[in-house]
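Hello,

Here is the structure you asked to look at. Please open it first, then read my notes below.

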Amino acid sequence: MRIDHVAIAVNNLDEAVKQYKTALGIKEIEFETIESEGVRVAILHLNNSRIELMEPTKDSSPIKKFLETRGEGLHHIALETDEIESEVERMKGCGIRFLGEVRPGSQGTKITFIHPKSLHGVLTELCSHPK
Ligand code: CO
């Protein structure tokens, strides 16, 4: 596995992008809306990984709830694996709890989330990129 991205919840995506762009000197940024997860995402490409800034697109978005209770900040880390389905099965066998089934994520990826209680307080996304 490798760290695919680190995701940060923000109140105002355009403001946050401006700040991150300036602070990190990043030129290449992509935007994407993932309706199924209720988020709009800005993807900041680093040399070895990505930072994703996320803002909620609707009141029922889990990010909306996160911002209301915890405020802006680190939301999850994402680990990339080649075979997400078999990895999920293996991890379930070790007692790891998941939040939802494997489903489509951004840019053609497949994703699911590991319950933070299973990894000592860190919400962790498992993802695989299309081959
Ligand atoms: Co993510």
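Predicted model: local features only at pLDDT ≥ 70, side-chain atom pairs only at ≥ 80, totals over all residues.

Residues are numbered from 1 along each chain as its sequence is written, and side-chain values use heavy atoms, with hydrogens and water left out.

**Helix H1**

Helices (H or I, at least four residues) and strands (E, at least two) are DSSP runs, numbered from the N terminus. H1 covers residues 13-24. Its 12 residues should span 16 Å at 1.5 Å a residue; the rule is 1.5 Å times one less than the number of residues. The end C-alpha atoms are 16 Å apart, which agrees.

Which residues of H1 are buried? They are Leu 13, Ala 16 and Val 17. They cover an arc of only 100° around the axis, so they sit on the same side of H1. The arc is taken from the directions from the helix axis to the C-beta atoms. Buried means under 20% relative accessible area, exposed over 50%, and partly exposed in between (1.4 Å probe, protein chains only). On the other side of H1, Glu 15, Lys 18, Gln 19, Thr 22 and Ala 23 are exposed.

The buried residues of H1 pack against strands S2 (29-34), S3 (39-45) and S4 (50-56). Contact here means heavy atoms within 4.5 Å. Just after H1, Gly 25 takes a positive phi of about 65°.

**Two residues**

His 115 lies in the loop between strand S7 (110-114) and strand S8 (124-128). His 115 is buried, at 16% relative accessible area. Not counting residues up to four places away in sequence, His 115 touches Arg 97, Phe 98 and Leu 99.

Thr 33 is in strand S2. The C-alpha atoms of Thr 33 and Asn 47 are separated by 23 Å, and the two residues are 14 residues apart along the chain.

**The largest pocket**

The largest pocket has a volume of about 660 Å³. A pocket is an open set of points on a 1 Å grid over the protein atoms alone, where a 1.4 Å probe fits, with protein on both sides within 12 Å along at least five of seven lines; lining residues have an atom within 4 Å of a point. Grid points are joined across faces, edges and corners, and the volume is the space filled by probe spheres set on the points. Of the 32 lining residues, the closest to the centre are Ile 63, His 75, His 76, Phe 113 and Leu 123. H2 gives the most to the lining, with six residues.

Best wishes
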